[in-house]
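Q: Hi, I'm new to this one and would like a friendly tour. Could you put it up for us?

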Amino acid sequence: MAKDNGVIMTGFVKGEKLQTLLTNARCYVLPSSHEGLPIGLLEAMSYQLPVIVSDIPAHTELNLDKKCYFHLG
């Protein structure tokens, strides 16, 4: 269903491929159920991408706009 709607589920990427993805992305979604410091999220934010993240403590510590969070589960 995601693929049919233009969603790309990349798995782990780094380097030039990651830069290309973040440069051309419309948004960044992180549905993590547990996370330490969310480096991937911080990197996406450095590209000025809109972000949508689960409401776990590591994400809420960033004090994003409330509309950026969704309830996990």
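Q: Let's start with H59: buried or exposed?

A: H59 counts as buried because its relative accessibility is 0%. Here buried means under 20% relative accessible area, exposed means over 50%, and partly exposed is in between, with a 1.4 Å probe and protein chains only. Bear in mind that this is a predicted model, where local features need pLDDT of at least 70, side-chain atom pairs count only at pLDDT 80 or more, and totals for chains, interfaces and linings use all residues. Residues are numbered from 1 along each chain as its sequence is written, and side-chain values use heavy atoms, with hydrogens and water left out.

Q: Good to know. Where does H59 sit?

A: H59 is part of helix α3, residues 57-60. Helices (H or I, at least four residues) and strands (E, at least two) are DSSP runs, numbered from the N terminus.

Q: And what is H59 in contact with, leaving aside its neighbours within four places in sequence?

A: With those neighbours set aside, H59 is in contact with L30, S32, E35, P38, L41, V53, S54 and Y69. Contact means heavy atoms within 4.5 Å.

Q: OK, new topic. What order do the strands of the sheet have?

A: The sheet is open, with 3 strands in the order β1-β2-β3 and parallel pairing. β1 (28-30) and β3 (69-70) stand at the edges with a single partner strand each, so one side of each has no neighbour in the sheet. Two strands pair if DSSP finds at least two bridges between them.

Q: How many bridges join β1 to β2?

A: There are 3 bridges between β1 and β2 (residues 51-54), and these strands run parallel. In this pairing, V29 stands opposite I52 of β2.

Q: And how many join β2 to β3?

A: That parallel pair, β2 and β3, is joined by 2 bridges. There, V53 is opposite Y69 in β3.

Q: Which helix makes a β-α-β unit with β1 and β2?

A: Helix α2 (residues 39-46) does, and the unit it makes with β1 and β2 is right-handed. Right-handed means that, with the strands pointing away from the viewer, the path from the first strand over the helix to the second runs clockwise.

Q: Which residues make up the largest nonpolar core?

A: It has 12 residues: V13, L18, L22, L30, L41, A44, L49, V51, V53, L64, C68 and Y69. The elements that give two or more residues to this core are α1, α2 and β2. A nonpolar core is a set of buried Ala, Val, Leu, Ile, Met, Phe, Trp, Tyr and Cys residues joined through side-chain atoms within 4.5 Å.

Q: Take L18 from that list. What is it in contact with beyond its neighbours within four places in sequence?

A: Beyond those neighbours, L18 is in contact with V13 and E43.

Q: What about the loops? Where is Q48?

A: Q48 lies in the loop between α2 and β2. Its relative accessible area is 68%, so Q48 is exposed. Phi of Q48 is near 65 degrees, a positive value in a residue other than glycine. Most residues other than glycine have a negative phi.

Q: And what is the phi of N63?

A: About 50 degrees, so positive too, although N63 is not a glycine. N63 is found in the loop between α3 and β3, and N63 is exposed, with a relative accessible area of 66%.

Q: One last stop: where is D55, and what does D55 touch?

A: D55 is found in the loop between β2 and α3, and D55 is partly exposed at a relative accessible area of 29%. Leaving aside neighbours within four places in sequence, D55 is in contact with T60, Y69, F70, H71 and L72.
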